Amino acid sequence: MSDTPPFVDRLRYSRFWPMLWKEFIQIRRDRLTLGMILVLPAAQLLLFGYAIQTDVRHLPTVVLDESRTSESRALVTTLMNSGVFDPAGEVADRATARRALDAGTANAALVIPPEYGREVAAGRTATVQMLVDAADPQTAGAAISGAQLGAQARATQIIAERVSLANPLDMRVRPLYNPAQRSAVFIVPGVIGVLLTITLTLITATAIVRERERGTLEQLIVTPIGKTSLMLGKLVPFVIVGYVQMTVVLTMGWVFFRVPIVGSLPLLYLLTIPFIIASLGVGLLISTVARSQAQAMQLSFFFMLPNILLSGYLFPRMSMPLPAQVVGLALPLTYYLKILRGLMLKGTGFADLWRPTGSLVVLAVLLFTISVRRFHKTIE
Amino acid sequence: MTAPATQGPTVVTEGLRKVFGSLVAVERLDLTINRGEVFGLLGPNGSGKTTTIRMLCGLMAPTEGRATVVGFDVEREAEGVRTRIGYMSQRYGLYDDLTAYENMRFYATVYGLHGRARDERLEQHIAEMGLGERRNQLAGTLSGGWKQRLALGCATAHEPEMLFLDEPTAGVDPAARRDFWASIYALAARGTTILVTTHYMDEAERCQRLAFLSRGKLIGLGTVDEITTQFGQPTIEDVFIALQRKDEGAHA
C-alpha cells in the first residue's frame, strides 16, 4: 500500500502530464511557433513603442517671410518653439513654398505678408497664412491646432506689451497618468493584450488542428487519456507561454519605454485569467471549425482584425460610430485593455475595475462553455 | 503480460449495426474472435471494415447491437477497453517533431506506465522491435517502413491484450511488410489477439481466420480454405475479385 493520499497519486499519474511534456517539446522544435512566441513580443513592442508615434510633432515647415521685421521673426520663433513645427528653411516666394508641400519635403508652410509688421505696429489685425498638407488628417490636425495655439500665444504677448493688463482667462491643462503624452505609455499595455490574443487563439487553434490533420488526435482518443486531460494538456502550455510573454513585455516596457506599473502587479496577473479563458475559448472554437491549419490561421487573423481596430488598442472607442462600438463590446480585449491601462497607468484598484472584470468573466464563461461542448463533440 | 480480463473470446459482437443517415455502413454483424488469434477483416472499399474497427475501439458509437472487447462493453465500459487495446491506423498517429523514443515514451505514459518500470519496459520493447538505431531520429524523417515499425511499437509498448491494425502496411515495401508480419506473429504467440484489415491478398492469407465484408454485410467467415471452398474459387484473391465484380454489378 502506498502511504500517499489518493489525490496525490491521481495528480501524479494524471495523463495530463505526458500531454504537457509532449506539447513543450513540440513548441521548442517548431520554429514558426517558437518564433511567434519569442520574436513577436519584442517586435510588437519595438514596432509600436518606437515606430508608431500617434503624437504628431516636428513637422518640417518652410517659412516665407515677406515682412522681414522683428515682429515677423517673433511670430516664427513662437511657432517653432511649440515643438509642433520644425524649421525646414526659408523660401523666396509662394510657388517655392507650394512646391515644397507638393514634394512632401515640408508638411506646412508659413506665409507672412509684407504688411504684417506695419499692421501689428499700427494696432490693426494682421493676417498670416499657414498652408497645411492635410492628406493625412492626423498630421493636419496637429498642424492646425499648433498654428492656432501659436498665433494665440503671440497675440496675447502683443496685447500684453501694448497695454499692461492682466490676462482675463488662464486655462491650465494638467495631463494626468501620462503627463508627457508619450504614445508608448498608451500602447505597451495594449501590446500585452494583443500578444495574448495571438498566442491563445491563433497558436492554440493551429496546434489543435495540426493534431487532427496528422491523425494523432484520433490516435489519442483511442488511448485512455480522457477528454479533460487531452484538452488541458493542449491548452495549459499556451497559458504558461502567455504569462511568460506578458512578463517579458512588462519588463521590456519598463526598461525601454519607462512604462510604469502603478497598480498592483498580482492583481494584474489575476485579472488576466478571465481574459486567458475567453481567448482560449475562441482558439478552441476556431479549432473545431477549421479543417486545416491554413484555415485556422485565416480565421484567427479574421478575429484579430476587429480586436486591433475596434477594441480601443490603437483608436479611442468613444469616437467610433455606434455599430463599431457595439462590435467592440463583444471582444474580450476591449475589457482587458481597460483593466491593463487602469492597473498599469492609473493604479486603479479592483473596486473600480469590477465592471470590465465582470463583463470579461461573463464572456469567458460563455465562450469557453460553447467551445468545450463543440470540442467534445468533434472528438467523439 | 497482465492477466486477461476474461477467459472467453476477446471480441464478441452481437447484431452490431451502424447507420449514417440513409447509408447502412455495417449491417447486424455477429463476430467472435478468440484470444491469440490473428483475424483478418477483408472487403472492398466502403464495405464497412474501418467503421467496424472504429466501433470496436470506441471511436464511434454503434447505432444498434452491442460489442464486448476484452470483456468490456465498448459503449458502457469504454475506459476499460481503452486501457487494454492498442490501435494502429493507416495514418500511424506519430508526432513528426518528436523522436522515435519520445513518441514511444509519450504513448507508454498515456497508457499508464510510469517511472523506472516504464523506462525499463521501453528499453526492452525498443530492442524487441529493432528500433534501437533510430531511437533519436525525428519520426517525421523516418522512411515508411521505419514509421510503420515505430507506430506498431507505440501501439504495443503497454502490452495490450487486443491489437487493432487498420490497413497497417499500405504504402510499405515488401521487405518491411515481411518484418512487420513477423512482429505480428510474435505478438500473437504471446497471447495478443490481433484484428487486421487489409487490401493485400498475401496478407489476408497469413491470417488464421478471415471475415469477408461486402457493403456492410458479413458474407463469409472462416479459414482461408473454408472461404475459397465456400465461394468455389481457387484463391482468396479470386474470391475478392468475384465479390468486387458482384458489388459493382449491383451498383450499376
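Colleague: How many helices and strands does the secondary structure of chain A come to?

Modeller: This is a predicted model, where local features need pLDDT of at least 70 and side-chain atom pairs count only at pLDDT 80 or more, while totals for chains, interfaces and linings use all residues. Residues are numbered from 1 along each chain as its sequence is written, and chains are lettered from A and ligands numbered from 1 in the order in which they are written. Helices (H or I, at least four residues) and strands (E, at least two) are DSSP runs, numbered from the N terminus. For chain A they come to 15 helices and four strands.

Colleague: What is the radius of gyration of chain A?

Modeller: The radius is taken over C-alpha atoms, and the globule rule is 2.2 Å times the number of residues to the power 0.38. For 380 residues that rule gives 21 Å, and chain A is well over this, so it is more spread out than a compact globule. The C-alpha trace spans about 105 × 45 × 40 Å along its principal axes, and the radius of gyration is 29 Å.

Colleague: And chain B, what is its radius of gyration?

Modeller: Chain B has nine helices and ten strands. The globule rule gives 18 Å for its 252 residues and the computed value is close to that, so chain B is as compact as a globular protein of that length. Its trace spans about 55 × 40 × 35 Å, and its radius of gyration is 18 Å.

Colleague: Good to know! What share of the residues of chain B count as buried?

Modeller: A residue is buried if 20 or more other C-beta atoms, placed from the backbone, lie within 10 Å of its own; it is exposed if there are 12 or fewer, and partly exposed in between. In chain A, buried residues make up 39% of the 380. Of the 252 residues of chain B, the buried share is 46%.

Colleague: Where the two chains touch, which element of chain B gives the largest share of its side?

Modeller: The contact (C-beta atoms, placed from the backbone, within 7 Å) takes 21 residues from chain B and 17 residues from chain A. On the chain B side, the elements that give two or more residues are α2 (78–84) and α3 (100–110). The largest share, five residues, comes from α3(B).

Colleague: Is A:Gly342 buried or exposed?

Modeller: A:Gly342 is found in helix α14 (residues 332–346) of chain A. Beyond its neighbours within four places in sequence, it is in contact with A:Thr348, A:Asp352 and A:Leu353. With 22 C-beta neighbours inside 10 Å, A:Gly342 counts as buried.

Colleague: One for the backbone: what phi does B:Tyr92 have?

Modeller: Most residues other than glycine have a negative phi. B:Tyr92 sits in the loop between β6 (85–88) and α3 of chain B, and it counts as buried with 23 C-beta neighbours inside 10 Å. Although it is not a glycine, B:Tyr92 has a positive phi of about 70°.

Colleague: And B:Glu159, what is its phi?

Modeller: B:Glu159 lies in the loop between α5 (144–156) and β7 (162–166) of chain B. With 17 other C-beta atoms within 10 Å, B:Glu159 is partly exposed. It is not a glycine, yet its phi is positive, at about 50°.

Key: Two residues are in contact if their C-beta atoms, placed from the backbone, lie within 7 Å.
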